[in-house]
Amino acid sequence: MSVILYGLVAMILVTMGVGLYVAKKIEGDSVNYIVAGRGLVLPLAAATLMAQSLDANATLGNTDLTASFGFWAGAALPIGLAGCLFLTGLFFAKPMNRMDLMTLPDFYRRKYGRVTEVIASLIMVLSFSLLLGGNLVAGGFLFQTFMGTTFVQGVLIISAVVFLYTIAGGLFAVAYTDVIQAVVALAGSIALIVYVATTYGITIPEGMGPTAVVQINPFDNSAGSWINLATIFALALGDIVAIDFMERVFAAESPETAQKACFAGSAGTLVIGIPFSIVALSANSILSSIGVEAGNQAVLYVLLQEAVPSWLAVLVLAGIVAASLSTGDGAILGTSAALARNVLGIRDEDSPGEGVEADGSGYLSEGSDKLLAATRVMAVPITILGAFFAIQVSATGMLLVLAFDVAFAGLLVPLVFGIYKPDVATAPAALAGMLSGSLTRLFFFVTIPTTYAIPNNLLYVENSLVPAGWDGLVTFIAPLVGLSVFLTVAFLTKDDYPTHSVTGQQQRAIVAGGEEDD
């Protein structure tokens, strides 16, 4: 335990040290702070995208769900996240990088106006506060298990570390430290599955392995297939409108770099994430063979504490710690920037492109000290909100997927139509689709006693309106409601409201795949 403790402390100090060192690149400029000066080269862009998807949320959620319910319950997390990066690279990375945006809500302002910008920002703030909470849960359990704190103390400690890490270096800090994390995570994942296979053997309980496709059969919910499919779709589609992923897309040095980084990040997510699922299938057998029970602890932490040598535990845990810092940084940075820039409207209004033109034209100005300071201040309430969610709902996987459920339900349709069918997408349609989709999902969250099979201890109201067995199914219902409302309102308002492309003067920004590049 002392070796593990020293190893974790060393990893935290190294990560913080690198982050603070590269913080000098900020130079008082909010563009440098929020999108790393829009100059990330391919290795940095790919590493930071992969690190953002392989967070502590996904890693612990993956192993806990796999050990309890089967391969597809846990592997749905890396599969969904990898699917998101692949789809983003295929359809969104190039056009979104060309738009010269600073935050994702900037897109909604350019296309639909100020009111839609604010509503989209608030939905993202809620979504990513949940995501941050899930990562703080993982950090809280880690400190509790390996450093002897209580869970709440662990959450508060990791919250403070992530907060300091974020306000110091912004996206520059996380981009450089993510290279370290990617290498450590890859080495830890491969070393863990090799050690388990050679020492204990891979044991796959009957009906729980990768070939048990009943776990994803939509016509047979006996094995929780609705929940597993919902997990994949919520992450693969809902994560497209993730402010942390898009932040990194905006930060890439070119549209081509953004696309390649997404594809590389997608492959890396599978290579690192799937081995954790395979190891988790053997977890109960391994623990039983050495006379240990996991109890209420995270199964991966118990394995690392009881069943593997200290050096391997340090390697795997170092990757999880770095992932927690990385994703926590992305969640805090993205939401605080959205609050400061898109909700409070702190922008340099004297610079070209900051006003909302009727045709959507114009580009964002360079960063300012005012926005930089406001973004750092907004990190305070975001961190507190994330810690609150972590303490109230100590379930990693559920918070991860719920975060993107809300975004999937309300934000994806206006984004897709705004880029690829701008002549259909009116401001009233976007606003109506957003509100109806996200509010529908939140309604189901309040009225169903479980979310992804985890008891809803946050906001459940006992009722007889919605069957408890709809858990998972509602992930698909809510975005369909949003889509239906969007299309209906778009049809009714198409003659009364002007439509325009997001970038106005540069139509190439909405060309699928970038025809000018071919």
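Me: How many aromatic pairs does the count come to?
Reply: This is a predicted model. The count comes to 14 aromatic pairs.

Me: What describes a pair of aromatic rings?
Reply: Two values do: the distance of the centres and the angle of the planes. Take Phe 91 and Phe 92 here. Their ring centres lie 6.5 Å apart, with 70° between the planes. Planes over 60 degrees apart count as edge-to-face, so this pair is edge-to-face.

Me: Which aromatic cluster holds Phe 91 and Phe 92?
Reply: They form one cluster together with Tyr 420.

Me: Is Phe 91 buried or exposed, or partly exposed? And what about Phe 92?
Reply: Buried means under 20% relative accessible area, and exposed means over 50%. Phe 91 has 38%, so it is partly exposed. Phe 92 has 5%, so it counts as buried.

Me: What share of the protein chain counts as buried?
Reply: Of its 518 residues, 61% do. The chain exposes about 18,000 Å², and carbon and sulfur atoms supply 66% of that area.

Me: How does the radius of gyration fit a compact globule?
Reply: Compare it with what the chain length predicts. For 518 residues a compact globule would be near 24 Å; the protein chain has 22 Å, which agrees. The C-alpha atoms fill a box of roughly 70 × 55 × 45 Å along the principal axes.

Me: What secondary structure does the protein chain have?
Reply: It comes to 19 helices and two strands. Among contacts between residues at least 6 apart in sequence, 82% join residues at least 24 apart.

Note on methods:
Residues numbered from 1 in each chain as written. Predicted model: local features only at pLDDT ≥ 70, side-chain atom pairs only at ≥ 80, totals over all residues. Heavy atoms only, no water. Helix = DSSP H or I, 4+ residues; strand = E, 2+ residues; numbered from the N terminus. Rg over C-alpha atoms; globule rule 2.2 N^0.38 Å. Buried < 20%, exposed > 50% of the residue type's maximum accessible area, 1.4 Å probe, protein only. Contact = heavy atoms within 4.5 Å. Areas by Shrake-Rupley, 256 points an atom, 1.4 Å probe, with all protein chains shown as cover. Phe/Tyr/Trp six-rings, centres within 6.5 Å; stacked < 30°, edge-to-face > 60°.
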